[in-house]
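Hi,

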Amino acid sequence: MFRSNQRKFLKKYPKNSCAITSKPFHERFTENPDKVSNTELLKTIISSTIASVKSYHINGPPVSQWPQSYHVAVEVTKAITNTLISNQTIPSLHTFQEKSKSKTPVPRDAKIDIEFFTPQNKVIEFLKQNAPADWPKVTEDMNDIYGEWISTSNVDQDYVVYLLHGGGYLGGSIQLHRNVAYEISKSSQSLVYGINYRTAPQNPYPCAVIDAVSGYLHLIDKYHPKKIVIAGDSAGGGLALATMMVLRDMNVPLPAGGYTISPWCDLTGMFTNHKEPYELDYIPTVPDDIRLGNRLHYYIPDDHADIPYASPLLQDNFNDLPPILIQCGSLEKLYAEITAYYNKCTQGGQLAQLEIYEDHVHVFPLLRFPKASKIAFTRGGDWIQSISGRKNEPFSSKVLKFNFDGEHSPFQ
């Protein structure tokens, strides 16, 4: 049924309609309000929950370390992403964007303030310089970008973590990431400013980069760059890496560093691994025989996916970039590209630390179940305080390995 629905979609919307220079798909997406019903989505959640619990008790855990709660969380997330993202239909993507703007509850001591900013023309002009000939006209009629300040009590008001949410460049929001922002604020004792950068398919590359860089320029009007750390998870992690590259190339004062969780840093798909054991991860897969015209996804067409500001792994120049902390799970489909990025950036002269958490999936801290989630956020907060000068702790490029519970173990 899954593949049949995708083939029907491609038959209805032929190959050329997905090209980045054509308007029909963007117009259809905007004009067609259809969504996946809440009933259908609830059925997906219930059926996947029942199936995963049954499988756990009959067959045992797929990974010996996984408790039932972790297994169910992964399987339910996988079912939802397959329904809303892999399907790549207009109703499924509309629903994903709507649901990913849901407000996540946060503890009572969390403080939330709203602040908008405007994308800056000098960022647009810079990205136009080396843009492909069929660069889309995505910079007209731009609205202000929504942002939220999120903090806990007892933070240092002079220090900021600039948070870029994940969501595959198709959705996501700072509202959905409020709990992530809260945890980072708590562990780093910093203010957190997160934004809702524009996403595809309405706003393909380079809209997200324009918004992310503009948000940083907005911050340094009020905060010292060396008291800012750029953070992000998944697509937001890759966007954080790309943002620092653009800032360097624009000769803008750089932040103190970066903190990324499972960064998506290669949009060409060369390194993504869907084979055992990585198929346990919940990242959705679009089969090769039902690709969307000339693209693997709506953010950027395949023949431009090697642009370093879209795929930071393909950057050749890592000189003068700020130090970064990268955290990832050993079972995630992006594991190969994340480790490749670490190797390439450190060989190129960038200071980086890579933390590998054994038997964990993509962006595992957001699952909030295992002990490792708390430890990862704590270590991320310590890193942020260290590189922004609040802790006198030396750091160097290295790889650290942790077991499923977050306990440090010698790297093998």
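Helices and strands here are DSSP runs, helices being H or I over at least four residues and strands being E over at least two, numbered from the N terminus. This is a predicted model, in which local features need pLDDT of at least 70 and side-chain atom pairs count only at pLDDT 80 or more, while totals for chains, interfaces and linings use all residues. Residues are numbered from 1 along each chain as its sequence is written, and side-chain values use heavy atoms, with hydrogens and water left out.

Let me start with Gln-97, which sits in helix α5. Gln-97 is buried, at a relative accessible area of 10%; buried means under 20%, exposed means over 50%, and partly exposed is in between, with a 1.4 Å probe and protein chains only. The side chain of Gln-97 reaches the backbone oxygen of Ala-200 at 3.0 Å. The helix α5 itself spans residues 90-99 and is largely enclosed by the rest of the structure, because seven of its 10 residues are buried. Among them are Ile-90, Leu-93 and Phe-96, along with His-94.

Next, Ser-234. You will find Ser-234 in the loop between β5 (228-233) and α9 (235-249), and this serine is buried too, with a relative accessible area of 12%. Setting aside neighbours within four places in sequence, Ser-234 is in contact (heavy atoms within 4.5 Å) with Gly-166, Ile-261, Ser-262, Pro-263, Trp-264, His-362 and Val-363. Gly-166 is 68 residues away from Ser-234 in sequence, yet their C-alpha atoms are 5.0 Å apart.

On to the cysteines. How many disulfides does a search of the whole structure find? It finds zero, a disulfide being a pair of cysteine sulfur atoms within 2.5 Å. For Cys-265, the closest cysteine sulfur is that of Cys-345, and at 9.3 Å it is too far for a bond. Cys-265 is buried, with 0% relative accessible area, and Cys-345 is likewise buried at 0%.

Finally, the surface. Leu-42, Ile-45, Ile-46 and Ile-50 form a nonpolar patch there, with about 350 Å² of accessible area together. Patches are made of residues with over 30% relative accessible area and no salt bridge, joining like charges within 9 Å and nonpolar side chains (Val, Leu, Ile, Met, Phe, Trp, Tyr) within 5 Å. A salt bridge is a side-chain nitrogen of Lys or Arg within 4 Å of a carboxyl oxygen of Asp or Glu. Accessible areas come from the Shrake-Rupley method with a 1.4 Å probe, and for residues only the protein chains shown count as cover. Leu-42 lies in helix α3 (residues 38-59) and counts as partly exposed at 47% relative accessibility.

Best wishes

Key. Polar contact = N/O pair within 3.5 Å; in protein donor to acceptor, adjacent residues only side chain to side chain.
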